[in-house]
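Visitor: I'd like to go through this one piece by piece. Can we start with how you use your terms?

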Amino acid sequence: MDADPASAPEDLFHALLPLVRAEAAAEAPVAGAEAGDLEQGVWVRLLERLAAEGPPLPAGLGRWVRDAVRAEASLARRAAAHEHPYRGDPATGPESDPERLALRIDRRRTLRAAVGRTPGRCPRVLAAMLSPQDLTYREIAGKLGMSQGSLGPLRSRCLGCLRRMLAAEVGAPERGGKER
């Protein structure tokens, strides 16, 4: 496919697009690369060549495109050969997302601060409930020196108080998703 050397770069792009796409699609699976990445590399090479040598293009432009795609595929294969996945990388999955982690830490900090401001015996009850030791009602009651039967109603009152405090601080969304 030969293009008119005097044609504008836009015309050249439209003339070569089907060939570049077809060649990149054919080479991509063998190279272990995305066809779009190979296409992009070819367009960069063409623009660099036009900038360096000026508008006159080689007579065998179709052959140049095929060679450029193969050269990009070769570069992709070499790059893939040197890339190795991290083994045991803890930063995989949605739970390791830095934004989610920051939000989770901020929510935990807000919750702990609100627990400390609750009245009466609530800070101790709620702190025991939030303990990483995952204490049972019997263990919490023993730790606080109270009967297991009175722990449930106290826990309920403390959670209600905490819920009201947090709703006032954070601002629950209104109907329709709008915040107050």
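Guide: Buried means under 20% relative accessible area, exposed means over 50%, and partly exposed is in between. The model is a predicted one.

Visitor: Fine. Take Asp134, then: buried or exposed?

Guide: Asp134 has a relative accessible area of 65%, which is over the 50% cut-off, so it counts as exposed.

Visitor: Where does Asp134 sit?

Guide: In the loop between α5 (122–129) and α6 (137–144). Asp134 also has a positive phi, about 55°, although it is not a glycine.

Visitor: What is Glu72 in contact with, leaving aside neighbours within four places in sequence?

Guide: Leu38, Gly41, Val42 and Arg45. Glu72 itself lies in helix α3, residues 61–82.

Visitor: Glu72, buried or exposed?

Guide: Buried, because its relative accessibility is 16%, and the cut-off for buried is under 20%.

Visitor: Now the largest nonpolar core. Which residues touch the most other members?

Guide: Leu126, Ile140, Leu144, Met146 and Leu151, out of 17 residues in that core. The elements giving two or more residues to this core are α4 (98–116), α5, α6 and α7 (148–171). Of these, α7 gives the most, with six residues.

Visitor: What does Met146 contact, neighbours within four places aside?

Guide: Arg121, Ala141, Leu151 and Leu154. There is also a second, separate core of 14 residues, which includes Leu12, Leu19, Leu61 and Val65.

Visitor: Last one. At roughly what angle do the axes of α4 and α5 cross?

Guide: Roughly 145°, and the axes come within 8 Å.

Visitor: Which residues meet there?

Guide: From α4, Arg112, Val115 and Gly116; from α5, Pro123, Leu126 and Ala127. By class, that contact of α4 with α5 has four nonpolar residues, one polar and one charged.

Notes. Residues are numbered from 1 along each chain as its sequence is written. This is a predicted model: local features need pLDDT of at least 70, side-chain atom pairs count only at pLDDT 80 or more; totals for chains, interfaces and linings use all residues. Side-chain values use heavy atoms; hydrogens and water are left out. Helices (H or I, at least four residues) and strands (E, at least two) are DSSP runs, numbered from the N terminus. Buried means under 20% relative accessible area, exposed over 50%, partly exposed in between (1.4 Å probe, protein chains only). Contact means heavy atoms within 4.5 Å. A nonpolar core is a set of buried Ala, Val, Leu, Ile, Met, Phe, Trp, Tyr and Cys residues joined through side-chain atoms within 4.5 Å. Axes are lines fitted to C-alpha atoms, for helices over the stretch in contact, and angles run from 0 to 180 degrees between N-to-C directions. Ala, Val, Leu, Ile, Met, Phe, Trp, Tyr, Cys and Pro count as nonpolar, Asp, Glu, Lys and Arg as charged, and the others, Gly among them, as polar.
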